[in-house]
Amino acid sequence: MLQHKKIYTALAILIFGITACGFEPLYVEKTSSDGVWYYNNEFDTDIVYEMSQIKIEGATDRIGQMVKNELLDDLTPRGVPQHAKYFLKLEPINSKRTEQALRDDITATREKVKYTVKYTLWSKEKGQLVSGKSWIFLSYDLLDNPYSTTMDKKKVEKDGAKILANDISLRIGAYFHSVKTKRGNPNEL
């Protein structure tokens, strides 16, 4: 009985901790004067509009191109802006491979890959706005069939590019959200 009380107490602390962490919805507009966020069936399109004004530069390697394509889908689904307001510079993707799960004959059965990309968002008017680094660890099996191993490697690259692009677009969206909420006026983004 005492263990159940400890578990319930730990769950209550966890739930209160999550609610007090400062979570704010990204695409929902604050509409009440007392500062409370609530969803009233309307999405805040100011952030989406600002993100659609980003031109993506860089990314010359294979996985960099994949990240760029994913970002184009996330940020500018209607096409590259003619007169971009912001520019996102992607540095070449750094990939580090490590063999894992060694057999008795010292050959690996798995390979772990770490993809790292540095990015910078800037505008001509304000200079650098956001910079950061995203990374992801993925792994795949090294099989006896080379074709299967190659296909696993390509799937890991595709999945890694999607995850990296998602992370970057979320961080950029969080930046625009923080700018908007600090100023309080959606027209000042």
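What is the mean pLDDT of the protein chain, and what percentage of its residues reach 70 or more? The mean pLDDT (the predictor's confidence in each residue, from 0 to 100) is 81, and 75% of the residues reach 70 or more. The model is predicted, with local features requiring pLDDT of at least 70 and side-chain atom pairs counted only at pLDDT 80 or more, whereas totals for chains, interfaces and linings use all residues. Residues are numbered from 1 along each chain as its sequence is written, and side-chain values use heavy atoms, without hydrogens and water.

The protein chain contains four helices and five strands, taken as DSSP runs numbered from the N terminus (helices H or I, at least four residues; strands E, at least two). Their order from the N terminus is α-α-β-α-β-β-β-β-α. Confidence is lowest in helix α1 (residues 2-19), with a mean of 63, and highest in strand β2 (residues 86-90), with 95.

Of the 189 residues, 31% are buried (under 20% relative accessible area, with exposed over 50% and partly exposed in between; 1.4 Å probe, protein chains only). The accessible surface (Shrake-Rupley method, 1.4 Å probe) amounts to about 12500 Å², and carbon and sulfur atoms account for 54% of this. Where contacts (heavy atoms within 4.5 Å) link residues at least 6 apart in sequence, 58% of them join residues at least 24 apart.

Beyond residues up to four places away in sequence, Thr 116 touches Pro 92, Ile 93, Asn 94, Lys 133, Ser 134 and Trp 135. Glu 111, also in strand β4, has a relative accessibility of 11% and therefore counts as buried. Apart from neighbours within four places in sequence, the contacts of Glu 111 are Arg 97, Thr 98, Glu 99, Leu 138, Ser 139, Tyr 140 and Leu 142. The C-alpha atom of Glu 111 is 5.5 Å from that of Gln 100, eleven residues away along the chain.

The largest pocket holds about 270 Å³ of space. A pocket here is an open set of points on a 1 Å grid over the protein atoms alone, where a 1.4 Å probe fits, with protein on both sides within 12 Å along at least five of seven lines; lining residues have an atom within 4 Å of a point. The lining comprises 17 residues, of which Val 48, Tyr 49, Ser 52, Leu 75 and Pro 77 lie nearest the centre. Two or more lining residues come from each of α2 (45-51), α3 (62-75) and α4 (146-183), and α2 gives the most, with four.

Terms used. Points joined across faces, edges and corners; volume = space filled by probe spheres on them.
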